[in-house]
Amino acid sequence: MARVVVDVMLKPEILDPQGQAVQRALPRLGFEGIADVRQGKRFELEVEGPVDDAALARIHEMAETFLANTVIEDFTVRVDEPAEAGS
């Protein structure tokens, strides 16, 4: 089985109140030097069979119609490469 990752983020022009809350809290927790925080969603899909162009096109369609609200969110689709042993 292969894993495909869909990352969904608010578009840059959309206000991110959750990201702002995290960014404001960081200095109080001792984490300095963070200028901005944007919060998003990550979907990990375990795909049966090969992840060919047709499978990626279907996942892209799924992301566009179900996983992301494309009016306010952008998304990326990528095949997650397995980590090498010892990484």
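The side chains of Glu73 and Lys41 are joined by a polar contact of 3.4 Å. A polar contact here is a pair of N or O atoms within 3.5 Å; within protein, one of the two must be able to donate a hydrogen and the other to accept it, and residues adjacent in sequence count only if both atoms are side-chain atoms. Glu73 also reaches a backbone: a polar atom of its side chain lies 2.7 Å from the backbone nitrogen of Asn69. This is a predicted model, in which local features need pLDDT of at least 70 and side-chain atom pairs count only at pLDDT 80 or more, while totals for chains, interfaces and linings use all residues. Residues are numbered from 1 along each chain as its sequence is written, and side-chain values use heavy atoms, with hydrogens and water left out.

Glu73 belongs to strand 3 and is buried, with a relative accessible area of 11%. Buried means under 20% relative accessible area, exposed means over 50%, and partly exposed is in between (1.4 Å probe, protein chains only). Once neighbours within four places in sequence are set aside, the residues in contact with Glu73 include Val8, Met9, Leu10, Lys41 and Leu67, contact being heavy atoms within 4.5 Å. Asn69, for its part, sits in the loop between helix 2 and strand 3 and is partly exposed, at a relative accessible area of 37%. From Asn69 to Asp36 it is 33 residues in sequence and 22 Å in space, C-alpha to C-alpha.

Now for the strands. Helices (H or I, at least four residues) and strands (E, at least two) are DSSP runs, numbered from the N terminus. Strand 1 runs antiparallel to strand 2, and eight bridges join them; here Met9 stands opposite Gly40 in strand 2. Strand 1 also runs antiparallel to strand 3, again with eight bridges, and Val5 stands opposite Arg78 in strand 3. Two strands pair if DSSP finds at least two bridges between them.

That leaves helix 2, which spans residues 53-67 and has Ala55, Ile59, Ala63 and Leu67 as its buried residues. These cover an arc of only 80° around the axis, so they end up on the same side of helix 2; the arc is that of the directions from the helix axis to the C-beta atoms. Asp53, Ala54, Arg58 and Thr65 are exposed on the other side of helix 2. What covers the buried residues of helix 2? The cover includes strand 1 (2-10), strand 2 (40-47) and strand 3 (73-80).
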